[in-house]
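Grab a pencil and work through these exercises with the model open beside you. Try each task yourself before you read its solution.

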Amino acid sequence: VEEEMIITIANRKGGVGKTTLATNLAVALSKKGSIVLVDADDQQSALKWSKRRTQNPVYTEYHTGDLKKILLDLQKKYDYVLLDVAGRDSEEFRSALQVSDKLIVPTQPSQADVEVLPFVLKLFNTYHKVNEKLQPYLVVNKAPSNTRSTEVADSIELLGTLPKFKLLNTIIRDRKQFRDATIQGLSVMEMGSSKARDEFNDFLVEIL
């Protein structure tokens, strides 16, 4: 393992595919070292996904509230602590920003989604003062699989104007393979070759 790290996947908006990214990332990280996936969303989607896994279980815990101490304690036991928080401004989100190494913000390429990001940037700026190691990434997720759609290009132009956040080159499209994997408690990396798998691989290369 290169280094121990706490990675938070968050956004102020729901429905952007945070849990799907978290569960797929958890499987990828489990091949690199020990990992715990922390589900801090009261819908407990990540926890339910982990219960559907039969092989190579991903250890998952559910915690809410002020997570700073919990995350730091888990970091002593695991190489990677991966956190999935609810799509809103929350105590979980704010406490995680104070101790995380990486913040990954998935966003859909729509005006409504892009409009909430300045709020996320503001939160990042607030907590970056106390946690200078925090690196923020933006990834376009659940993009239309029709590549002729101009929505993605329009949103990338807007996203590129957000200072400090590293906008990933990888665009993850809304593919059935991701949904199938979730239902089966799998990652797209554990299924047959597909565009979803290729996109996720590209995403991994950029954030790790």
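**Exercise 1: Lysines and their surroundings**

Lys164 is exposed, with a relative accessible area of 56% (buried means under 20%, exposed over 50%, partly exposed in between, with a 1.4 Å probe and protein chains only). Before we go on, some housekeeping: this is a predicted model, where local features need pLDDT of at least 70, side-chain atom pairs count only at pLDDT 80 or more, and totals for chains, interfaces and linings use all residues. Residues are numbered from 1 along each chain as its sequence is written, and side-chain values use heavy atoms, with hydrogens and water left out.

Task: Find where Lys164 and Lys142 lie, and look up the phi of each.

Solution. Step one: go to the loop between α7 and β7, where Lys164 sits. (Helices, H or I with at least four residues, and strands, E with at least two, are DSSP runs numbered from the N terminus.) Its phi is near 75°, a positive value in a residue other than glycine. Step two: move to strand β6 (residues 135-143), which holds Lys142. Lys142 isn't a glycine either, yet it has a positive phi of about 55°. Lys142 is partly exposed, at a relative accessible area of 29%.

**Exercise 2: Aromatic pairs**

Task: How many aromatic pairs does a search of the whole structure find? Describe two of them, with Phe124 and Phe165 in one and Phe200 and Phe203 in the other.

Solution. Step one: the search turns up three aromatic pairs. (Rings of Phe, Tyr and Trp, the last by its six-membered ring, pair if their centres lie within 6.5 Å; planes under 30 degrees apart count as stacked, over 60 as edge-to-face and the rest as tilted.) Step two: Phe124 and Phe165 are edge-to-face, 5.5 Å centre to centre with 65° between the planes. Phe124 belongs to helix α6 (residues 117-128) and Phe165 to the loop between α7 (151-159) and β7 (166-173), so the pair ties together parts that are 41 residues apart in sequence. Phe124 and Phe165 are both buried. Step three: the ring centres of Phe200 and Phe203 are 5.3 Å apart with planes at 45°, so this pair is tilted. Phe200 and Phe203 sit three residues apart in helix α9 (residues 195-207), about one turn of the helix, and both are buried.

**Exercise 3: Crossing helices**

Task: At roughly what angle do the axes of α1 and α9 cross?

Solution. Step one: the axes come within 11 Å and cross at roughly 75°. (Axes are lines fitted to C-alpha atoms, for helices over the stretch in contact, and angles run from 0 to 180 degrees between N-to-C directions.) Step two: α1 and α9 are therefore roughly perpendicular, a label for angles of 65 to 115 degrees. Step three: Leu21, Asn24, Leu25 and Ala28 of α1 make the contact with Phe200, Phe203, Leu204 and Ile207 of α9 (contact means heavy atoms within 4.5 Å).

Technical notes: Angles under 35 degrees count as roughly parallel, over 145 as roughly antiparallel, 65 to 115 as roughly perpendicular and the rest as oblique.
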